[in-house]
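Q: Please examine one part of this protein closely, namely its pockets and the residues around them.
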Amino acid sequence: MSVSLYRKYRPQNFASVVGQKSAIDVLTSSILKNRVGHAYLFSGSRGCGKTSVARIFAKALNCEQRDNFEPCGHCRNCREITTGDSLDVIEIDGASNNGVENIRGLKENVNLAPFNSRYKIYIIDEVHMLSTGAFNALLKTLEEPPEHVVFIMATTEPHKVPVTIRSRCQHIPFHSIQPEDIFTRLKEICGLEGVNAEDDALREISRLADGALRDALSLLEQIISSGDITLKNVENVFGAGSRPAFERWIKNLRENPAEAYSSLKSMFDAGASGIRVFEELFALVKNLWLVSTWQNITDSLNLSNAEKNFLLDEARNWKPEKLQAILHVILKMLTQARLGIKNDILLGMFMLYLAGDAPKLEISQPVTQLTVNLPEALKPEVKQEIKAPQANSALKENLLQTAKLKNFVIFCGLFDADFYEQNGTLLLDFAHIYCYNVMRVDRRAATLQSIFPNYERIMLRYGKNEYICPKFPSTPKTESRQVMPRIEPKIEVSRQDDTREQQQEQHETSRKVTGSPFDKFISELTSLGAKPEKLFVRENKPDDEIDTEQEGDNE
């Protein structure tokens, strides 16, 4: 089995580390000045060299034949650390050993002296995955470890590490590796492997790696396995959409939009994802906009000479305003792509927006006309267009004063509305839906007609909701009905000595009470409640009869 390229070419000394000069300077300076800390926290994105630098630092601290700060790589300690067999350098995976019991085992062994090295070094990878209990168990040991112990912790998410842990460590950030540095390293490895590679293909791999050298080496190994390292082969393996293809698309968009559509469609048909296509387009158009705005900015873009020349030549043909508008369209389409919309729909929407035929959803224009939906009973026409002039403050003040004198509730509901009038129509435009709904009630619509009788029509509006107040007679008819006088029944509390005839007479009297059916029902319940009910009835018999019956029972 062959060894992967990222393992085969893992850096073994500080000089071979790519793109981390600031971090290397801090570590080598601490070795030279003999000011090694007891705990370090390495943070950075994936594949930028955190674990590799931790191993190199461990070798430099325990190397028996160190040259200044560089480990020799040949002594026993260097060989054991390289192969992972050293008893004094313990690597812990924080993702799978994140419990309190794992940290307790570490605390039990931390006081033991190293076997055959100067330092006992603990490298905890993905330290942010430790549980809260594990962090608490590690806290005291990390604050005051023995003199022969050094902790090196690595994480991709330093914000998840508790502040109490970070404050006890020297925090060394690692940065994403620039594409130019990745390209140089890939070209060097291709020379060592004896593989011919096109520069454009290596630059494309460097961009696809997204700042991670380990990812770039994995991609390079995949291309080597599939065939020659050419730009076409890279597109075939990882999907269409290389940087030269997008540069050609920019030219076609300016010269031949139909060809631009075809080229973009071929990228999607070849398997390119919408997210990647629009991300690459945004990066290219963004650089083009920067160069069209400031021509001397190309040196700070970290691009190849060919890419810089393309930007300088193409920027002459574009106005910054047009490029800025294209950037806004790409951002909108990138959001749609992340929602999972199909590629053909994305492509159609994108070309529509670029052509300027798409609706401008984000622009709200002032309303110049008002469409009123009239009921058939009020007007034979279904719709009537009424021009809405500016709100009349004097009109509003006068009508509010009238409403305040006649109906204070109506005055409160109309206080925040805008007043318009034209051709005998009064339009009340409400700012709050609550006031609109309150005024829509029939009785209040009739009240509005009576308060403002000079208008033939009163219309209420909130947003797109419209309502025409129906016309009511000025004096609404009231139904005349005969209200029966309510006579409260006279209730007397029955006593034990009341006779049955008196109670029957009281009951008959209460039933004769005139009133509504409900009053009759109440009176009947009252009369029933006034009757004392007998649960047991005992007949009065002479004593001799009672004794005779008892004797008969005994017999």
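Which helices each supply at least two residues of the lining of the largest pocket?

A: The model is predicted, so that local features need pLDDT of at least 70 and side-chain atom pairs count only at pLDDT 80 or more, whereas totals for chains, interfaces and linings use all residues. Residues are numbered from 1 along each chain as its sequence is written, and side-chain values use heavy atoms, without hydrogens and water.

The helices in question are α8 (179-193), α9 (199-208) and α14 (274-293); helices are DSSP runs of H or I with at least four residues, numbered from the N terminus. Of these, α14 gives the most, with six residues.

The largest pocket holds about 700 Å³ of space. A pocket is an open set of points, on a 1 Å grid over the protein atoms alone, where a 1.4 Å probe fits, with protein on both sides within 12 Å along at least five of seven lines; lining residues have an atom within 4 Å of a point. Points are joined across faces, edges and corners, and the volume is the space filled by probe spheres set on them.

The lining of the largest pocket comprises 26 residues, and Pro179, Ser206, Arg207, Asp210 and Glu280 are the closest to the centre. By class, this lining divides into nine nonpolar, seven polar and ten charged residues; Ala, Val, Leu, Ile, Met, Phe, Trp, Tyr, Cys and Pro count as nonpolar, Asp, Glu, Lys and Arg as charged, and the others, Gly among them, as polar.

The second largest pocket has a volume of about 440 Å³. Its lining has α3 (50-62) as the contributor of the largest share, four residues.
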